Amino acid sequence: MWMTLQPVLGEIILAITASQFMLLTGLSKSKKRPDLIRLMAVVGLLAFAFVGFVTDRNVTETFGGAFINDDFARYVKLIIGLAGAAAIVLSRNYLRSERLDQYEFSVLLVYAVLGMGIMVSSNDLLTLYIGVEMQALALYVLAAFNRDSLRASEAGLKYFVLGALSSGILLYGASLIYGYSGSLRFDGIALALQGDYGPGLVGGMIFLLCGLAFKISAAPFHMWTPDVYEGAPTPVTGFFAGAPKLAAIALIARVLYEPFGDLAEGWTLALMVFAGLSMVVGALGGLMQTNIKRLMAYSSITNMGYALVPLTAGTLAGVAGMLTFMTIYVVTVIGVFACILQMRIRNGIVEQISDLSGLAETNKGLAITLTVMMVSLIGIPPFAGFWGKWFAFGPAIGAGHYFIVVLALVASVVGAFYYLRIIRLMWFAEANEGFVAAPRIERSFSLVSAVLLLAMGILPFITYPGLNLIRDAASSLFG
Amino acid sequence: MLPVLSFYLISSVAIAAAFMVVASRNPVHSVMFLILTFFSAAGLFVLMGAEFLALLLVMVYVGAVAVLFLFVVMMLDVDFSEMKRGFFSYFPMGGVVAVILLMELIVIGGSYFADSEVTPEPRADGLSNIEAFGNVLFTDYAFFFEASGLILLIAMIGAIVLTLRHRTGVRRQDITKQVSRTRKDGVELVEIESGAGTGE
């Protein structure tokens, strides 16, 4: 019993927290109910994040090999769990001020994280699909959570329709793979690739990859991103930009490196196309944006392109580079959205980039933290963003993929324009009416994130254990 | 003898009901006949020894799909006489499709009957279909089963979050209150002078 359940312990904790503790507490009529449930959610998510490291660090499969818990899954779950907890804490003041403070928000977010946990631990096409659907279903509802807002409903509906389409593509690929390999399990598929395999396996893999590319909003499957990011409530957008992207790209890494490792020449090209298009679309699309959430949507499309670059290498360093880049990106995104949540004037929340004008005069602290984030996103040393790109592009150069790296550098330079525009606006433009004083949670989150971005870049006692953890995680895909 | 009789009875009901789905003028009646068709088909499955499929057919098609149809028919005010107006202009195209479908059915049925010895074999261990499914569903596939259950729970929570509105000032039925009402709080005896009314 324990041997079967121990690998899924984190998921069980989340499922029980959400379905028993949180939903039952929801029945109470107390005024403190939302805060109490948020506390439960945060505790559950933290337990989910760390439980894999507490029990044992072996590679364990369970449920007939459908579910795997290895260092790779443990590391990704750590980051996802922390990002989910951060999103719940950050959402509190926003939901209160927008009169949206229903406790179901935390429940759905916990379920989304549970789905991501199943995704990154999947060792079977059925587990993969169940995980993808679980997180997607919860995220659709979160996007439309502000149901009285037309834009939020539009965001939810668009996300839902395109997400359903992507699920269809993914399932079609999965059925082709199953038909041609005779196995749903990843090791069975890898075994089928050893022998004579039909064209259906390659086609199925491409369809599967396209379905997953929707989830990381890689071009040409990025169309939903700007509208969903703009329409969804800001804390939800902040969550969208980080954890689900990490879960989906980790799943891509696992699918490509474990069952389809022998098809490397096939998927390398596909990944390069996704990466190249995403970088171009994101860098050019972001130039004309006026809404900061839309800008972050294009920024995330570009960054997903960067994150795919190391995966094209097909090496251990490539997976490690992707994990390093994504970790730094998640930290940055949490910080940026903590800053966006502070953009509030007396009448309510503002989202235009022009509202940041002259921020250095009215709110120096926010201006400095936001500048740190932007500089890190551009990738200027010594900030962590530079090292993220360093570890991401290095393996691709090592594998001889010079073209894609040059394209990535060009996209970085073009993309730097829109980050620099924000910095210029904050420091050298005429001051607007200042923002009202932000709550302490948002301020501390943006500050911690900014400090981390600096510290991860220069302090070896943070970087070395972190990089070791990432190397262990990456090597478990090559076991 | 009995199985053969029931087969002819059920299948003739199925065919008649299927005909009535198309023929009846009232769309609500059409859906009702559709439900009857599904039921008869479920009966045919039982005769073949596929009781699990029969249950699924009743639960999924009658319980969910047909009810959904009914909702659509009754809530959306679709003008069916308007839809029937183009019957003759669409007839050639529809006719071609119908003939193709009929040919396919004949080919499939012909190949089945040409090889008439095919009969479903019962399982060697003597388990019924439902027992066999249950044995793997709650052991080998327990993880998928539970996780799918959670997905349905998420769908339910999501639907409630997005649509439930607590209106103020709505009178709700409170059964405890109704039941615990006594004669004392319900009835008041008033002395009324004749010709004066209750004074209200």
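Trainee: What makes H11(A) and H14(A) roughly antiparallel?

Mentor: Helix H11 (residues 234-257) and helix H14 (residues 316-340), both of chain A, pack at an angle of about 170 degrees with axes 8 Å apart. Angles over 145 degrees count as roughly antiparallel, therefore this pair does too. The axes are lines fitted to C-alpha atoms over the stretch in contact, and angles run from 0 to 180 degrees between N-to-C directions. This is a predicted model, where local features need pLDDT of at least 70 and side-chain atom pairs count only at pLDDT 80 or more, while totals for chains, interfaces and linings use all residues. Residues are numbered from 1 along each chain, chains are lettered from A, and side-chain values use heavy atoms, without hydrogens and water.

Trainee: Which residues in H11(A) meet H14(A)?

Mentor: Contact means heavy atoms within 4.5 Å; among them are Ala241(A), Lys245(A) and Ile249(A), and the H14(A) side includes Met326(A) and Phe337(A). The residues of this contact divide into 14 nonpolar, four polar and one charged, with Gly counted as polar.

Trainee: Why is the meeting of Arg165(B) and Asp148(A) called a salt bridge?

Mentor: The rule wants a side-chain nitrogen of Lys or Arg within 4 Å of a carboxyl oxygen of Asp or Glu. Here the N to O distance is 3.1 Å, so the pair qualifies. The count between chain B and chain A is one salt bridge.

Trainee: How much area do chain B and chain A bury between them?

Mentor: About 1,900 Å², 82% of it on carbon and sulfur atoms. That is accessible area (1.4 Å probe) lost on being put together, summed over both parts. In contact are 17 residues of chain B and 26 residues of chain A.

Key: Buried area = accessible area lost by both parts, 1.4 Å probe. Helix = DSSP H or I, 4+ residues; strand = E, 2+ residues; numbered from the N terminus. Parallel < 35°, antiparallel > 145°, perpendicular 65-115°, else oblique.
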